[in-house]
Amino acid sequence: MYAISLGDDGAELRPLEPWRAEEFLAHVDRGREFIGRFIALPDAAEDLPSARSFLQSYAEKTASDTGRILGIWADGKLVGGVLFRTMDVVQGTAEAGCWLEPSAVGRGLVTRAARAIIDWAVEERGIHRVEWQVASANDASIAVARRLGMTRDGVLRQSYLHRGQRHDIEIWSVLAPEWRAAKQAS
């Protein structure tokens, strides 16, 4: 197993693999309503078999190089995660996403974790464009996109049906040259 340090506070980014299904489910249960306000992840992990199946689907994406999922640990506890929901190495595109339980909000964990995976995608996998799709009402996730130096490309009006309600989805992105220029400037 490996872990990537997310800074001096001891937070880490680690693979979120099927054998961690119980820990993943406990984490989702702690933040089920909060996490589920804008994304369907809690609906995909309602019990242990479905949590294991969700993580297995990402293990298969990792094996086929079409996606990734990593957990964020703080104080030794799984508190959130980041992922590449999709990744097309040939086309050089990936869609990043995130979630966090309420106890971990406000510590910069998602921004730091997203920086780590985007940097990996750009520098190691040759991804040219990383997208961030976010419900227009999700101010916290939009703030992360801004902190990551992403540009708002547009809005897909009422394109996402979630828990019986249609949401506008904003598309944010960063291109590899922009990512590298921002890294050099900091």
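Buried means under 20% relative accessible area, exposed means over 50%, and partly exposed is whatever falls in between (1.4 Å probe, protein chains only). This is a predicted model, so local features need pLDDT of at least 70 and side-chain atom pairs count only at pLDDT 80 or more, while totals for chains, interfaces and linings use all residues. Residues are numbered from 1 along each chain as its sequence is written, and side-chain values use heavy atoms, with hydrogens and water left out.

**View 1**
Strands here are DSSP runs of E with at least two residues, helices are runs of H or I with at least four, and both are numbered from the N terminus; two strands pair if DSSP finds at least two bridges between them.

**View 1. β1 and β2 make a hairpin.**
The two strands run antiparallel and are joined by two bridges, with S5 standing opposite E12 of β2. Six residues sit between the strands, and in this hairpin G7 takes a positive phi near 140°. Look for G10 as well, in the loop between β1 and β2: it counts as partly exposed because its relative accessibility is 46%. From the C-alpha of G10 to that of A96 you go 23 Å through space, and the two residues are 86 apart in sequence.

**View 2. β3 pairs with β2 and also with β4.**
Between β2 and β3 there are four bridges, in the antiparallel sense. E12 turns up again on this side, with W73 in β3 as its bridge partner.

**View 3. The largest pocket holds about 940 Å³ of space.**
Of its 37 lining residues, I39, C98, W99, N138 and S141 are the closest to the centre. Two or more lining residues come from each of α1 (21-35), α2 (41-44), α3 (48-64), β4 (77-88), β5 (93-100), α4 (109-123), β6 (129-135) and α5 (139-147). Which element gives the largest share of this lining? That would be β5, with six residues. By type, the lining splits into 25 nonpolar, seven polar and five charged residues. A pocket is an open set of points on a 1 Å grid over the protein atoms alone where a 1.4 Å probe fits, with protein on both sides within 12 Å along at least five of seven lines; lining residues have an atom within 4 Å of a point.

**View 4. The second largest pocket has a volume of about 280 Å³.**
There are 17 residues in its lining, and Y2, P15, R68, I69 and L70 lie nearest its centre. Elements that give two or more residues are β2 (12-15), α3, β3 (68-74) and α4, and the largest share, four residues, belongs to α3. The lining is made up of 14 nonpolar residues, one polar and two charged.

**View 5. H167 sits in strand β8 (residues 165-175).**
Is H167 buried or exposed? With a relative accessibility of 11%, H167 counts as buried. Setting aside its neighbours within four places in sequence, H167 is in contact (heavy atoms within 4.5 Å) with A135, L156, Q158, S159, Y160 and H162.

**View 6. Q158 and R163 both have a positive phi without being glycines.**
As background, most residues other than glycine have a negative phi. Q158, one of the contacts of H167, belongs to strand β7 and has a phi near 45°. Its relative accessibility is 51%, which is why Q158 counts as exposed. R163 is in the loop between β7 and β8, and its phi is about 50°. At 41% relative accessibility, R163 counts as partly exposed.

Note on methods:
Points joined across faces, edges and corners; volume = space filled by probe spheres on them. Nonpolar A, V, L, I, M, F, W, Y, C, P; charged D, E, K, R; others polar.
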